[in-house]
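Hi,

Here is the structure I said I would pass on.

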Amino acid sequence: MARMKFLCDSERCIECNGCVTACKNANETEWGIQRRRVVTIDDGEPNETSISVACMHCTDAPCMAVCPTDCFYQTDDGIVLHDKDLCIGCGYCLFACPFGAPQFPQEEAFGERGKMDKCTFCAGGPEEDPVRQKELYGANRIAEGKLPLCAEMCSTKALLAGDAQVVSDIFRERVVYRGHKDGAWSAVTPGEMSEEEMAVRAEAFATDASSPVIAKA
Amino acid sequence: MKTHSTHTGANITGNSSVQYLKVVVASLLTLLCLTLSSPLWADSAAEKVQGNFAGADYWREVSGGTEGYTTSKGREHGQLINVSGETWRQWRNRWVSPGGLMAIGGSFSVLALAYLLLGPMRLDKPRTGRKIERWNPTDRALHWFVALTFLALAFSGILIMYGKHFIPDLFGYSFWKGTIALCKLVHNYIGPIFSVGLIVMLLRWLKNNFFTKTDIIWFLQGGGLIGNKHPSAGFMNGGEKGWYWALVFIGLTVVGSGFVLDFPIFGQVRDTMQWANLIHGGTSLLLFAISLGHIYIGTVGAEGALEGMKTGYVDETWAKQHHDLWYEEVKDQLIDEPLDEKEKPKK
């Protein structure tokens, strides 16, 4: 079974905000709601790094764990969705979420926040009527066999979306070809590895990800 | 003029020397440029390679909650990782939630045991039929106003905390959907109303609730549980004063933290809300557990206690037994039974 994940390759992200625009366009979210955002750390410094972030569809999702209505559920693909009919707008998911993904259309006295909105991995939501589903939750591209539009439209292919195995294989391969010896945890020393060596490592990493040991972990 | 003549003179006389100078200066400049710039270039190149890839230090920074730049206008959207979110989740789900159940369950068990083993406190002597006014209509109105809003908040709050674990399974999705939506509305709108009532009530009853030496003796005798003699008490006994101060300290904490949660209009960040939520959950569950004791004694636990809050009047025997010092003060205001008829329509 696939487990859907996003991954943003920080070395490729150029802060073009194309993903943000694509998301807004695909899902036609309410005014003021921006499901995806690009955050640039050390903006203007030599080590400026940008990352596109939205709901990361956590395997052990904190929003699910704290929701008092239990309106969240995970699809068979590991996509975290929520039922807006059940949502009471208490804000707990926002307090718990590591990525600041849940958003509310209002923020008024007496805790009036409206219904929570967040990235659905372009998988729509629990609503049979397609028109209403689109209104409430945005696009359901997954049902059409397509991946989230943000990743599909990423100009540098920094933002990857899809099965965790495939996504991590692609990333590992990139990382090795950049010259990292230890996954992605060190700086690159250019020319330290021969191209042949890189190819061997990339191969090893790629098969690693689909090995039963890693797949389990 | 002088400069001009010198210049033209030099031009005429030393054309070759100027060219030589030019070459020297140019080569020196080039050399300077090379020596200065080559390490610079090398540095920025290395920096580019290192910096472009977000290494371990970068991720440490990100997971430490560093804020960056974003075009999103959402609050705290510049922060990539909400570090305290998971801590809050663990505290709420692992400590506050089961802790509250234990406090409420513990309180219930103690009271059930007290009822079964000790039984309700009966009046020692038969009623005389003569009554004293203990709570005037304002006091009673305040008490029941706070009591009813308290119960509404307690039940809606308990369902917000624990409802999802059993209501949907027992009564189905649509019932749960309506219930939890109602609970949130009740909790958020009655909360402020309760707060006002509570504060007015606490201020009104403040003067009766300062601890005295009598109360120490009352507590030492466990309110009459230790030894045979019923301890002395004024208008309020030690236990009642304890409940009063629990309402002051715990109750006002609940009110304060609830205000932070209920009015997210002051730009509260997630961190503030997490703290407010933990404090609100912990203290309100504790207060509810304590309130069970008050409810028990006020209803089935002590004979004659509920009358006071219901009709405003208590029997002479009850007053003498539970509040002897107060009885001594007010015994000249005793009213004979017939007046009880007048109270009846109020019931």
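Below is what I found, going from the chain contact to the individual chains.

First, some housekeeping: this is a predicted model, so local features need pLDDT of at least 70 and side-chain atom pairs count only at pLDDT 80 or more, while totals for chains, interfaces and linings use all residues. Residues are numbered from 1 along each chain as its sequence is written, with chains lettered from A and ligands numbered from 1 in the order in which they are written.

**Where the chains meet**

Chain A puts 44 residues in contact with 52 residues of chain B (contact means C-beta atoms, placed from the backbone, within 7 Å). On the chain A side, β2 (37–41), β3 (49–53), α2 (62–66) and α3 (92–96) each supply at least two residues. Helices here are DSSP runs of H or I with at least four residues, strands are runs of E with at least two, and both are numbered from the N terminus. The most comes from β2(A), with 5 residues. By class, that side of chain A has 24 nonpolar, 12 polar and 8 charged residues (nonpolar is Ala, Val, Leu, Ile, Met, Phe, Trp, Tyr, Cys and Pro; charged is Asp, Glu, Lys and Arg; the others, Gly among them, are polar).

β2(A) also runs antiparallel to strand β1 (residues 69–70) of chain B, joined by 2 bridges; strands pair if DSSP finds at least two bridges between them. Look for A:Val39 opposite B:Thr70.

**Chain A**

Strand β1 (residues 4–8) of chain A pairs with β6(A) in the antiparallel sense over 5 bridges, and A:Met4 stands opposite A:Asp163. Strand β6 (residues 159–163) is largely enclosed by the rest of the structure, because 4 of its 5 residues are buried. Buried means 20 or more other C-beta atoms within 10 Å of a residue's own, exposed means 12 or fewer, and partly exposed is in between, with C-beta atoms placed from the backbone.

**Chain B**

Chain B has 14 helices and 3 strands, and buried residues make up 25% of its 347 residues. Helix α9(B) (residues 238–262) has 25 residues and spans 34 Å from first C-alpha to last, close to the expected 36 Å (1.5 Å times one less than the number of residues). Where does α9(B) kink? The kink, about 30°, is centred on B:Leu247; the bend is the angle between axes fitted to the seven residues ending at a residue and the seven starting there.

Cheers

Conventions
Two residues are in contact if their C-beta atoms, placed from the backbone, lie within 7 Å.
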